[in-house]
Amino acid sequence: LRNKSVALTGFLEQEIESRFSDRVTIITPPEAERRGCQLSLKVEGASGHLQSDLRLRGVMVDWREPQVMRIAPTPMYNSYADVQRFCQILQETLK
């Protein structure tokens, strides 16, 4: 499970960096041993409404002011397809 967790969170990190580098900054430490399976993302110009919009589309995130969203792909419940789906929904929601 730990190996999948590291790989899944690393995949999420790559997807965020490649798709959202202009608006989303990963503020979680880059070292896998320091971050667990969650990433904290600073989303420029976003508010708690982003959490509500994502929830309406079936995505659960933790919102922290100001402009920080925490997302945790849990290896027992989430897949690489779930990570891709999250990124697609986030992209559509941020438009």
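Which residue forms a salt bridge with Arg64? The partner is Asp62, and the closest N and O atoms of the two are 2.8 Å apart. A salt bridge here is a side-chain nitrogen of Lys or Arg within 4 Å of a carboxyl oxygen of Asp or Glu.

The model is predicted, so local features need pLDDT of at least 70, side-chain atom pairs count only at pLDDT 80 or more, and totals for chains, interfaces and linings use all residues. Residues are numbered from 1 along each chain as its sequence is written, and side-chain values use heavy atoms, with hydrogens and water left out.

Side chains of opposite charge can pair when their charged atoms come close. By the rule above, the count comes to seven salt bridges. Asp62 takes part in another one, with Arg70, where the closest N and O atoms are 2.9 Å apart. Through shared partners, Asp62, Arg64 and Arg70 are joined into one network. To say how open these residues are, relative accessible area is used: buried means under 20%, exposed over 50%, and partly exposed in between, with a 1.4 Å probe and protein chains only. Asp62 is partly exposed at 25%, Arg64 is partly exposed at 41%, and Arg70 is partly exposed at 33%.

Helices (H or I, at least four residues) and strands (E, at least two) are DSSP runs, numbered from the N terminus. Two strands pair if DSSP finds at least two bridges between them. Strand β3 (residues 62–64) pairs with β4 in the antiparallel sense over three bridges. Asp62 has Arg70 as its bridge partner in β4, and these two residues also form a salt bridge. β3 and β4 form a hairpin with three residues between them, and Gln67 in the turn has a positive phi of about 65°. β4 also pairs with β2, in the antiparallel sense over four bridges. Lys42 stands opposite Val68 in β4.

Next comes helix α1. This helix has 19 residues and reaches 26 Å from its first C-alpha to its last, close to the 27 Å expected at 1.5 Å a residue; the expected span is 1.5 Å times one less than the number of residues. An α-helix has 3.6 residues a turn, so residues three or four places apart point the same way. Glu15 and Arg19 both lie in α1 (residues 2–20), four residues apart, about one turn of the helix. They form a salt bridge, with the closest N and O atoms 3.0 Å apart. Glu15 is buried at 14% relative accessibility, and Arg19 is partly exposed at 27%.

Which elements do the buried residues of α1 pack against? They pack against β1, α2 (32–35), β2, β4 and α4. The buried residues of α1 include Leu8, Glu13, Ile16 and Phe20. Glu13 has a relative accessible area of 17%. Leaving aside neighbours within four places in sequence, Glu13 is in contact (heavy atoms within 4.5 Å) with Ile26, Pro30, Arg35 and Leu39.

In soluble globular proteins, nonpolar side chains tend to be buried together. A nonpolar core is a set of buried Ala, Val, Leu, Ile, Met, Phe, Trp, Tyr and Cys residues joined through side-chain atoms within 4.5 Å. The largest such core has 24 residues, of which Ile16, Leu41, Leu50, Met69, Phe86 and Leu90 touch the most other members. At least two residues of this core come from each of α1, β1 (24–26), β2 (39–43), α3 (49–56), β4 (68–71) and α4 (80–94). The largest share, six residues, comes from α4. Leaving aside neighbours within four places in sequence, the contacts of Leu41 include Ile16, Val24, Ile26, Val68 and Met69.

A last link concerns aromatic rings. Rings of Phe, Tyr and Trp (its six-membered ring) pair if their centres lie within 6.5 Å; planes under 30 degrees apart count as stacked, over 60 as edge-to-face and the rest as tilted. By this rule there is one aromatic pair. Phe11 and Tyr80 form this edge-to-face pair, 5.3 Å centre to centre with 70° between the planes. Phe11 lies in helix α1 and Tyr80 in helix α4, so the pair ties together parts that are 69 residues apart in sequence. Phe11 is buried at 17%, whereas Tyr80 is partly exposed at 36%.
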